[in-house]
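Please read it alongside the sequence and the model.

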Amino acid sequence: MSVVLIIPSAIMGQLLGIAVGCCRVFGNRLVQKLMDFYTSLFRGVPLMVQLFILYYGLPKIGIYLEPAEAAILGFTLCSGAYNSEYVRGALLSIREGQLKAAAALGMSKFQTVLWIVVPQAFRRALPGCGNEVIYLIKYSSLAYIITCIELTGEARGIAAQTFRFTEAFMVVGAYYLFLVTIAGWLLKKFEQRLHIPGFGVLKG
């Protein structure tokens with residue numbers, strides 16, 4: 001269950017972060033304010049509280065989510081907010097001269113952002129966004145608090161039945177360590193594959 005929660009949340013969180021980051025940099029004033037509010041809200045409110053609101057609060061206004069749906073939505077919204085910060089910083093690091101050069105070539109603002117700015121910014125934001133994937137793997141353990149029985153929830157149930165709390169949660173810790181190690185290795189390989197000689201410094 002943990003992987004089922006992590007993969008869609010990571011993918012949608014990355015896409016949401018890119019979209020929000022672009023809006024915060026290139027959107028009009030109203031859009032920028034709205035996206036800044038979204039980012040501040042989901043970075044400022046603890047993820048546990050967000051999950052409680054999505055699962056227990058939304059039914060008060062007639063919106064019902066399954067535990068897994070609420071968990072994925074919460075992870076995506078929280079991850080997207082953090083990723084937007086990495087993307088925003090990367091976008092602002094692109095030299096303004098490139099935007100002027102693209103405009104001189106007749107490219108629209110949308111084409112410039114899509115084909116010139118985002119590919120470069122994505123490479124620069126990748127280490128930060130990769131760290132957010134690592135955090136998301138560990139955050140997934142919070143899903144059990146809204147009755148989504150993933151690994152931590154299963155271990156809690158087994159420990160309660162057998163009273164072997166140490167052994168159960170040591171296995172959980174080892175499992176998460178394995179997932180984080182594999183994810184870190186894959187992200188490093190992906191970063192190396194996208195690296196362009198002379199574009200930043202790649203260590204390791």
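Tyr 135 and Tyr 139 both belong to helix α6, four residues apart, or about one turn of the helix; helices are DSSP runs of H or I with at least four residues, strands are runs of E with at least two, and both are numbered from the N terminus. The model is a predicted one, in which local features need pLDDT of at least 70 and side-chain atom pairs count only at pLDDT 80 or more, whereas totals for chains, interfaces and linings use all residues. Residues are numbered from 1 along each chain as its sequence is written, and side-chain values use heavy atoms, with hydrogens and water left out.

**Aromatic pairs**

- The ring centres of Tyr 135 and Tyr 139 lie 6.3 Å apart with planes at 25 degrees, so this pair is stacked.
- Rings of Phe, Tyr and Trp (its six-membered ring) pair if their centres lie within 6.5 Å; planes under 30 degrees apart count as stacked, over 60 as edge-to-face and the rest as tilted.
- Tyr 135 is partly exposed at 35% relative accessibility, and Tyr 139 is partly exposed at 28%.
- The terms of exposure are buried for under 20% relative accessible area, exposed for over 50% and partly exposed in between, with a 1.4 Å probe and protein chains only.
- The whole structure contains six aromatic pairs.
- In another pair, the rings of Phe 52 and Tyr 56 have centres 5.7 Å apart and planes at 35 degrees, so the pair is tilted.
- Phe 52 and Tyr 56 are both in helix α3, separated by four residues, about one turn of the helix.
- Phe 52 is partly exposed at 34% relative accessibility, as is Tyr 56 with a relative accessible area of 40%.
- Phe 52, Tyr 55 and Tyr 56 are linked into a cluster by ring pairs.

**Overall architecture**

- The chain has eight helices and zero strands.
- The C-alpha trace spans about 70 × 45 × 20 Å along its principal axes.
- Of the 204 residues in the chain, 35% are buried.
- Among contacts (heavy atoms within 4.5 Å) with a separation of 6 or more, 71% join residues 24 or more positions apart.

**Nonpolar cores**

- In soluble globular proteins, nonpolar side chains tend to be buried together.
- A nonpolar core is a set of buried Ala, Val, Leu, Ile, Met, Phe, Trp, Tyr and Cys residues joined through side-chain atoms within 4.5 Å.
- The largest nonpolar core comprises 18 residues, and those with the most contacts inside it are Leu 5, Leu 51, Ala 71, Phe 75, Ala 143 and Ile 146.
- At least two residues of this core come from each of α1 (2–26), α3 (47–57), α4 (67–92) and α6 (109–139), and α4 gives the most, with five residues.
- Apart from its neighbours within four places in sequence, Leu 51 is in contact with Ala 70, Ala 71, Gly 74, Phe 75, Leu 142, Ile 145 and Ile 146.
- Another core, apart from the largest one, has 12 residues, among them Cys 22, Val 25, Ala 90 and Val 113.

**Pocket and cavity**

- On a 1 Å grid over the protein atoms alone, a cavity is a set of points where a 1.4 Å probe fits but cannot get out, and a pocket is an open set with protein on both sides within 12 Å along at least five of seven lines; lining residues have an atom within 4 Å of a point.
- The largest pocket holds about 290 Å³ of space, where a volume is the space filled by probe spheres set on grid points joined across faces, edges and corners.
- Thirteen residues line the largest pocket, and Ile 6, Ile 7, Val 133, Ile 137 and Ala 183 lie nearest its centre.
- Two or more lining residues of the largest pocket come from each of α1, α6 and α8 (165–194), with the largest share, six residues, from α1.
- The lining of the largest pocket has 12 nonpolar, one polar and no charged residues; Ala, Val, Leu, Ile, Met, Phe, Trp, Tyr, Cys and Pro count as nonpolar, Asp, Glu, Lys and Arg as charged, and the others, Gly among them, as polar.
- The structure holds one cavity of 30 Å³ or more, and the largest cavity has about 40 Å³ of space.
- The largest cavity is lined by Ile 18, Val 87, Ala 90, Val 118, Ala 121, Phe 122 and Ala 125.
- The largest share of this cavity's lining, four residues, comes from α6.
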